[in-house]
Amino acid sequence: MAAIDDGVAAPPALSSQPSAKAASGGRGLNWWGRLKRDRSLVIMTLPAVILLAVFSYGPMFGLITAFQAYDIYNGVAGSPFVGFDQFQRLFSDPLFWHALENTLVLSAVQLVLYFPIPIVLALLLNSIMSSKVRSFVQAIVYLPHFFGWVLVVVVFQEMLGGAGALNMFLRQHDMATWNIMTNPDTFKYLVTAQAVWKEAGWGIVVFLAALAAIDSSLYEAAAADGANRWRRLWHITLPGMRGVIVLLLVLRLGNALSIGFEQFILQRLAVGRDAAEVLDTFAYNYGLVGNNISYGTAAGLFKGIVSVALLLAANKVAHKFGEDGFYRR
Amino acid sequence: MQDPLKGAATNRRQFLSLAGLGVLSVAGVGGLAGCTDKKANGPGTTSQSDLSKILPNYIPNTAVKPDMPAVVGANGAVSDPVFLRYPDSPVKTVAAIPGKGGSYTTMTPLWGAIPPSDGNSYYDAVNKALGVTLKIQPSDGTNYGNALPALFAADKLPDWIQIPGWNTSTLNFGQGVSKFADLTPYLAGDKIKDYPNLANIPTGAWQAGVWNGKLYGLPVYPGGAIISGTYFYRRDIFEKLNISPDSIKTPDDLAALGAQLTSASAGQWAFDDLFGDDANYVSQLFHFPQKWGIDSSGKLFHKYESQEIIEALNWYQKIVKAGHVHPDAIAGNNQNGKQRFWSGKVCITADGTGAWNGDDAKSGTAANPSYRRAAFKLMSSKGTPTVEIGPGAGMFGYLNAKLSEDKIKELLKVADYIAAPYGSAEWLVVNFGAEGDTYTMKDGNPALTEKGAKEVATTFQFLVTPSNQTTVQQGFPDVAKDYGTWQAEMVKYAVKPAFYAMNVTEPSQYSSIGKAVQDMIQDVKFGRKSVADYQETVKSWKSQGGDALRAFYEDIRNKYGTGQ
């Protein structure tokens, strides 16, 4: 970032001398001076900050309803405070614990089965020499990312459903049909497969960028020393990507409880509540739909607090590995 | 499923303290409402004697004679009259342009594709005739009920909004209705004479628009034979296979068709979802109520507790197990149910009676030229069939309480225009827009042009509607005749459910206790859980508020009767 700043500031040498000086010796500046120096950077982050403030931090005031018996006609100001009653009710609700369990199990399955796939894909793509073939493959695996979940579920239903292409083929050839879409026992693998199909192609973007950043002279030097493909992968490529992999893993763990909403609400009828209820659908079904807004908010707040704890814990682990995590120590 | 029960036991004290809070807030509401009406109360309902003072009188307009007149059935049910041809010279029922140029926001549900709002010449044509600008804002009907609480909470209600009766329970509507204008001073008794087309709506249709002793709602699609749905079959397929639909009299007869009509390798299944959301279709087959019933000893019971729902679950589990239900229906994909029926992938389905119309015939014959929908005569698991009829109108339009008296009067005049009966010049405008632009007359009936098919949707009609009638759509007179004949037979078996049209507002803390039972029904239907699991869930439903609700309704019954 500093390099960019210098680059912009340097050419009109005479007029920008003060700012060039400031850029080189920033430590002694006060808050105002630093703001003045970094104004272009600050302005660049402003839209994101406003977005966060309006759509993420602003609505957090609504969390107060988790401690109320909120009524839509009395509003936040008029609804009575009930302390931790909603949480007590939540923690004694077996359906809530079941939703939490489902969320964690699904997260774990996705972590193991989904997370490595974009890395492998990125490595494979990177090894393709022809840039035409590479961009063609890349475009194809990207595409499902732009589909909505409704479409993804419909595509899966049409292909693998009870009346879908696969089972119709099996029937017409007198073979046993395969219940994929309405089997609650294998639902976790189904949703992981859907997630892989939809998002793996998109997930490779960051890894490809990390691969591109690796100095190609390292490979040349290693090759000259007689390192084969696997040695180069192990000693150059993977260490080069480690920072990015750990960062994404940290973010992933922090998001362990945000497994998704649409994918599950869409398939809830197909496999039943026991398999498909996750925390977000629980808050929706038992909070919003039943107009128990305080109850749903309590479930959401609980999820938020646990997520922050997970994120911090994962970040600590990242630091232990000597990586940056999502902020530097 | 033992955990939930255990949880329910430990949960109970906690729950009761919450219930206490609910009572407190309801009491507070009662106090507030008490300022305006001494008899006002939480339940929202109104005594019969008060109703007679509030409801508008019925002054029928008989200018157009139906081809098949309405048939009076049992318990006050009346079938819709059938018209096969639009009058050549439609009568004018409204003398002058009703509006004075005001501009108003609206919100209505729409089950279907939402038409473009910019440059929509249908909207423009109707608004021009009304002399106001109604900003039409249709919203997805399926999720309508989930959007409403936020709208109420933010106090961002439009000037004129439609609220379906089935969405009022989560809105605590006995309280929420105070956000809307009290129409009693404008429409009660003979005052409705100022609005002759509104006066042409039968008195019974207004009843469910009365809350806490005041008239608030304008009836939407009022009818004398509103039922939750029925069982349809592909008449063309039945004729080809020589199956006599009249021989199908019981649920077991129906199930027995499964093997004959299913050929999975050819992609054809006998049945779509026959159960319905929350058992609303299957209840007719097995004689259990949609909500509350009264047993032979006079005790109130909920459908979840009935023996009959267990029979229904067992019956449906067998059909599913036999492989006679379309896999997509089992996967919970109900949006494409009509397409499956049109294309012949299923032969028998359950649907609302509104599915049986000319648009359906158009779509069906496009998929298969010999397509013909028909409904079974009412079936019954034991003895003579019965069918519960809904209130005289299931949905109502409400005007915002913030509107001034002048504006309310302007909108009521506009409502009078929109409620113009079939056979009038106004009806054509409201339903079809401008002749030559969005519709043309074809074989004596209006038909949408290509442009009309894109721009016309049920929008103004969802604000207020004249009495239901069966008409020829898309050039299919047989559909109108078939439906009229079937309905005239059906009304003979009508019964009024307990708390008919009474607008009882349940205490809000019970609003989500049914969800666990509905989820369980879904699991049992498809064999993922057993009937014994279902009974366990019902036990916990009772302890979590089902029994308290019964006591609540018992109290309503003592004070106001059952409305039957």
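This is a predicted model: local features need pLDDT of at least 70, side-chain atom pairs count only at pLDDT 80 or more; totals for chains, interfaces and linings use all residues.
1. Domains of chain B. The domain assignment divides chain B into domain 1 (48-225 + 391-495) and domain 2 (230-388). Taken over C-alpha atoms, the centres of domain 1 of chain B and domain 2 of chain B are 29 Å apart. Their contact involves 13 residues from domain 1 of chain B and 15 residues from domain 2 of chain B. On the side of domain 1 of chain B that touches domain 2 of chain B, α19 (477-490) and β20 (494-495) of chain B each supply at least two residues, and α19(B) gives the most, with six residues. The residues of that side of domain 1 of chain B are nine nonpolar, two polar and two charged.

2. Nonpolar cores. The largest nonpolar core holds 164 residues, and those that touch the most other members are Phe282(A), Ala299(A), Val126(B), Val282(B), Ala415(B) and Ile418(B). Helix α21 (residues 531-560) of chain B makes the greatest contribution to this core, with seven residues. At least three residues of the core come from each of domain 1 (48-225 + 391-495) and domain 2 (230-388) of chain B. Another core, of 15 residues, lies apart from it and includes Val71(B), Ala225(B), Ile227(B) and Ala488(B).

3. Surroundings of Val126(B). If residues up to four places away in sequence are not counted, Val126(B) touches Val429(B), Val430(B), Gly433(B) and Phe460(B).

4. Helix α17 of chain A. This helix (residues 279-288) is mostly covered, with nine of its ten residues buried. The buried residues of α17(A) are Leu279(A), Asp280(A), Thr281(A), Phe282(A), Ala283(A), Tyr284(A), Asn285(A), Tyr286(A) and Gly287(A). They pack against α7 (94-113), α15 (262-271) and α18 (293-320) of chain A, and also against α20 of chain B.

5. A sheet in chain B. Four strands of chain B form an open sheet with mixed pairing, in the order β10-β13-β9-β14. Since β10 (269-271) and β14 (373-375) of chain B are at the edges and have a single partner strand each, one side of each is left without a neighbour in the sheet. On average, neighbouring strands of this sheet are turned by 30° against each other, direction ignored. Strand β9 (residues 230-234) of chain B and β14(B) run antiparallel and are joined by three bridges. Within β14(B), Ala374(B) stands opposite Tyr233(B).

6. An exposed position in chain A. Ala77(A) belongs to helix α5 (residues 75-78) of chain A. This residue, Ala77(A), counts as exposed because it has 5 C-beta neighbours inside 10 Å, where the limit for an exposed residue is 12 or fewer. Ala77(A) and Tyr295(A) are 218 residues apart along the chain, and their C-alpha atoms are separated by 17 Å.

Key:
Residues are numbered from 1 along each chain as its sequence is written. Chains are lettered from A and ligands numbered from 1 in the order in which they are written. Domain bounds come from an automatic or database domain assignment. Two residues are in contact if their C-beta atoms, placed from the backbone, lie within 7 Å. Ala, Val, Leu, Ile, Met, Phe, Trp, Tyr, Cys and Pro count as nonpolar, Asp, Glu, Lys and Arg as charged, and the others, Gly among them, as polar. A nonpolar core is a set of buried Ala, Val, Leu, Ile, Met, Phe, Trp, Tyr and Cys residues joined through C-beta atoms within 7 Å. A residue is buried if 20 or more other C-beta atoms lie within 10 Å of its own, exposed if 12 or fewer, and partly exposed in between; C-beta atoms are placed from the backbone. Two strands pair if DSSP finds at least two bridges between them. Axes are lines fitted to C-alpha atoms, for helices over the stretch in contact, and angles run from 0 to 180 degrees between N-to-C directions.
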